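Dear colleague,

I am passing on a structure for you to look through, and below it I have written out what was found, taking one topic at a time.

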Amino acid sequence: MNNKYIYWQFKNLFTLNEIKKLNKKIKNNVVYEQDNPASATKNVSVSPVDSRSIEELDKVYECIYEANKENFGYNLYDYHTERKNYINYNIYDSIKKGEYKYHSDGTYTHHASDIKLTAILNLSINKYEGGDFYINPFGKEEIVDFIKTPGNLLIFPSCFLHKVTPVIKGERISLSMWIKGPKFQ
């Protein structure tokens, strides 16, 4: 399903029970705990995760590659190559007013490749307030309410500006993944 081809979305990819199990597996595969002090850009707890042993994430990667085939058309590296990369487990806490100001994920500085797509999976267990996701690809800000539903997956070009507003009540939990391909020519 798409919205003006700016992003691609998959609804109800995981049930609440599956999300609970997935959160547990992800926590068991955190590479290292990271102290993420507040910065001018973000105030969120981010932990890198080795996803290779989390079979449930195969479904997410399949969706990303399907979205690319149906909508984006980027030259991407093979699924098995990308599956080896770390992903981020993000916790936006209302106590810290967790947020991530406008940024793009396409700033990867590798001589042979670029980040092409960003995928965000909502893994929140409980309702939260705030933590709204905005995308601003062409100078026109748009809220993406769809991603506030647990189990939903959002995919968009990594070069698009996007942000998460401060969480004012509860906790927003998400998984962020980036898919790379050969350098843009």
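D58 is partly exposed, with a relative accessible area of 28%. Please keep in mind while reading that this is a predicted model. The partner of D58 is R83, and the closest N and O atoms of this salt bridge are 2.9 Å apart. The pair links distant parts of the chain, since R83 sits in the loop between α3 (79–82) and β5 while D58 belongs to helix α2, 25 residues apart. R83, at 7% relative accessibility, counts as buried.

Helix α1 covers residues 16–28, and its 13 residues reach 19 Å from the first C-alpha to the last, which is close to the 18 Å expected. Which residues of α1 are buried? They are I19, L22, N23 and I26, and, seen down the axis of α1, the buried residues fall within an arc of 105 degrees, so they line one face of the helix. These buried residues pack against β4 (45–49), β5 (87–93), β7 (113–122) and β14 (171–182), whereas N17, K21, K24 and N28, on the other side of α1, are exposed.

K25 lies in α1 and E55 in the loop between β4 and α2 (58–72), so the pair ties together parts that are 30 residues apart in sequence. K25 is partly exposed at 29% relative accessibility, and E55 is partly exposed as well, at 48%. Salt bridges that share partners join K25, E55 and E56 into one network.

Best wishes

How values were computed
Residues are numbered from 1 along each chain as its sequence is written. This is a predicted model: local features need pLDDT of at least 70, side-chain atom pairs count only at pLDDT 80 or more; totals for chains, interfaces and linings use all residues. Side-chain values use heavy atoms; hydrogens and water are left out. Helices (H or I, at least four residues) and strands (E, at least two) are DSSP runs, numbered from the N terminus. The expected span of a helix is 1.5 Å times one less than its number of residues. Buried means under 20% relative accessible area, exposed over 50%, partly exposed in between (1.4 Å probe, protein chains only). The arc is that of the directions from the helix axis to the C-beta atoms. Contact means heavy atoms within 4.5 Å. A salt bridge is a side-chain nitrogen of Lys or Arg within 4 Å of a carboxyl oxygen of Asp or Glu.
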